[in-house]
Amino acid sequence: MKQQHVPVNAKPEGEGQYRLTAAVLSIILQGLGQIYNGQWIKGIALLALEGVGLAYLIPRLSHALWGIRTLGEQTQRFVKVNGSTVLQKGDHSIFLLLDGLIVLLVFFVFLLIYVLNVRDAYLTGKWREEGKQPRTAGASLRNAMDTQFPFLFLSIPALGVLFFTIMPILFTITLAFTNYSAPDHIPPAKLVDWVGFGTFSDLIQLKSWSRTFIGVLGWTIVWAVMATVTTYFGGVLVALLIEQRGIRFKKMWRTIFILPYAIPQIISLLLMRNLFNGQFGPINTYMRAFGLEGLPWLTDPFWAKVTVIIVNMWIGIPVSMVLILGVLTAIPRDLYEAAEVDGASSFQQFYIITLPFILFATGPVLIMQFAGNFNNFNVIYLLTNGNPLRGDYQYAGSTDLLVTWLYKLTLDNNKFNMASAVGIIIFLIIASFSIWNFRRSKSFKEEDMIQ
């Protein structure tokens, strides 16, 4: 009789069903797979968590989907009841949209926990097939504290980021695809409707809006480039001068040049606004005392732009100076001594040794400074408020950046949909520029090679 060969690692019949059974039970009801695997405390906790989630979602989910889809159907109005006029509440489109987004994010978290529950039941069933005992509640807790502690610790702030950062961003993005703006679509008196890409189309095609958008975008790019270049290389120049051989009292010079940064920015900007005032400002007063005609620092479009760049240098150069000073102290002196032996001039030493070291160490910071200047709200708003005004612009002045124009559209003129569209464009520009330049920087490439 022929003897049947039995594999050494063969499992008893039905043993391979643990993982499948546990996963199916967890799909049917969260926590059942854990109970099947003998993890009673974990299973009951997951069941309770599912109960809380369903108690929140069942009465709200359908209404949330309806609210996001329709943005309301009934406006607020006055009706007559028994001879008297009564205010009848209607649907508030923005509240419906916001509530809907919150409910959908809660539903997303609920689904994520549900998937993790199925995965946990499946893996525990797999351990049972391998002859291992499922972890007890105490062992699971100790394992979580030992190996999964970073994930557990980060889950709480991750939830905060989800509901207090990502949710407002999603809300802002959705507003760009509605007609939420004054005077015709401000709830609760009026409803808000979805318009698709109509807002972006108006921003580009309507002459009044496109002229403003192109003008403000052009100045924003010029401002970001000039503000970044002047403050960065101004800081390089000041740092090099302080670190020159033979310069005495280096600590005193560092302290003097860091003072503009140590003073709160709002105080410096408001002080500068008074100094450059065309009527009673000290700068024009001194100029007239010497027989010179005062300049319209803040009232002429050209001089207002020059003024904000100069003031930004006063505030931004100290930051770059401190950064560059730290880099200069890290450059080995042997390189300069070798260059001197080879007969290199001071400029050649700077170009071959100093500048590459500085750019390598501060390249990512330079990109971040450009992004920060692109959205530099404080300098523009506190110094000029975006003025002087331009008659051919929609709610914008000659020195307005995209971010200050967005602020005016939102708080001063209730053009929320247009402001949201501008915000999306700002994000796309900054994100594209930053990612592209970060990936091209030498510091990023070297770190990628090390990993």
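Buried residues account for 36% of the 451 residues of the chain. The model in the viewer is a predicted one. Of the contacts between residues at least 6 apart in sequence, 66% link residues at least 24 apart.

**First stop: helices H1 and H4**

Select residues 18-28, which form helix H1, together with residues 93-129, which form helix H4. The axes of H1 and H4 come within 7 Å, and their crossing angle is roughly 160°. H1 and H4 are therefore roughly antiparallel to each other. Their crossing is right-handed.

Next, display the side chains where the two helices touch. On the H1 side the contact consists of Tyr18, Arg19, Ala22, Ala23, Ser26, Ile27 and Ile28. On the H4 side the partners are Tyr114, Asn117, Val118, Ala121, Tyr122, Gly125, Lys126, Arg128 and Glu129. Coloured by residue class, the contact of H1 with H4 shows nine nonpolar, three polar and four charged residues.

While H4 is still selected, pick out arginine 119, which belongs to this helix. Is arginine 119 buried or exposed? Its relative accessible area is 53%, so arginine 119 is exposed. A distance drawn from the C-alpha of arginine 119 to the C-alpha of isoleucine 27 reads 9.9 Å, although 92 residues separate the two in sequence.

**Second stop: the loop between H6 and H7**

Move to the loop that runs between helix H6 (149-175) and helix H7 (198-205), where proline 183 is located. Most peptide bonds are trans. The bond from alanine 182 to proline 183 is cis, with omega near 0°. Proline 188 also lies in the loop between H6 and H7. The peptide bond between proline 187 and proline 188 is cis, with an omega of about 10°.

Select threonine 212, located in helix H8, residues 207-242. Threonine 212 has a relative accessibility of 0% and therefore counts as buried. Which residues does threonine 212 contact, leaving aside its neighbours within four places in sequence? They are Asp392, Tyr393, Gln394, Ala396 and Trp405.

Phenylalanine 249 is in the loop between H8 and helix H9 (250-262). Most residues other than glycine have a negative phi. The phi of phenylalanine 249, however, is positive, near 55°. With a relative accessibility of 54%, phenylalanine 249 counts as exposed.

The axes of H9 and H12 come within 7 Å and cross at roughly 130°. That angle makes H9 oblique to H12. The crossing of H9 and H12 is left-handed.

In the contact, H9 supplies Arg254, Phe257, Ile258, Pro260 and Tyr261. H12 supplies Trp314, Pro318, Val319, Met321, Val322 and Leu325. By class, the residues of the contact of H9 with H12 comprise 10 nonpolar, no polar and one charged.

Select asparagine 414 in the loop between helix H16 (402-412) and helix H17 (416-440). Asparagine 414 is not a glycine, yet its phi is positive, at about 55°. How accessible is asparagine 414? Its relative accessible area is 32%, so asparagine 414 is partly exposed.

Follow the chain into helix H17 and select serine 420. Serine 420 is buried, with a relative accessible area of 5%. Apart from residues up to four places away in sequence, serine 420 touches Thr172, Leu175 and Ala176. To end the tour, draw a distance between the C-alpha atoms of serine 420 and threonine 178: it reads 9.7 Å, for two residues 242 apart along the chain.

Technical notes: Residues are numbered from 1 along each chain as its sequence is written. This is a predicted model: local features need pLDDT of at least 70, side-chain atom pairs count only at pLDDT 80 or more; totals for chains, interfaces and linings use all residues. Side-chain values use heavy atoms; hydrogens and water are left out. Buried means under 20% relative accessible area, exposed over 50%, partly exposed in between (1.4 Å probe, protein chains only). Contact means heavy atoms within 4.5 Å. Axes are lines fitted to C-alpha atoms, for helices over the stretch in contact, and angles run from 0 to 180 degrees between N-to-C directions. Helices (H or I, at least four residues) and strands (E, at least two) are DSSP runs, numbered from the N terminus. Angles under 35 degrees count as roughly parallel, over 145 as roughly antiparallel, 65 to 115 as roughly perpendicular and the rest as oblique. A crossing is left-handed if the near helix is turned anticlockwise from the far one by less than a right angle, and right-handed if clockwise. Ala, Val, Leu, Ile, Met, Phe, Trp, Tyr, Cys and Pro count as nonpolar, Asp, Glu, Lys and Arg as charged, and the others, Gly among them, as polar.
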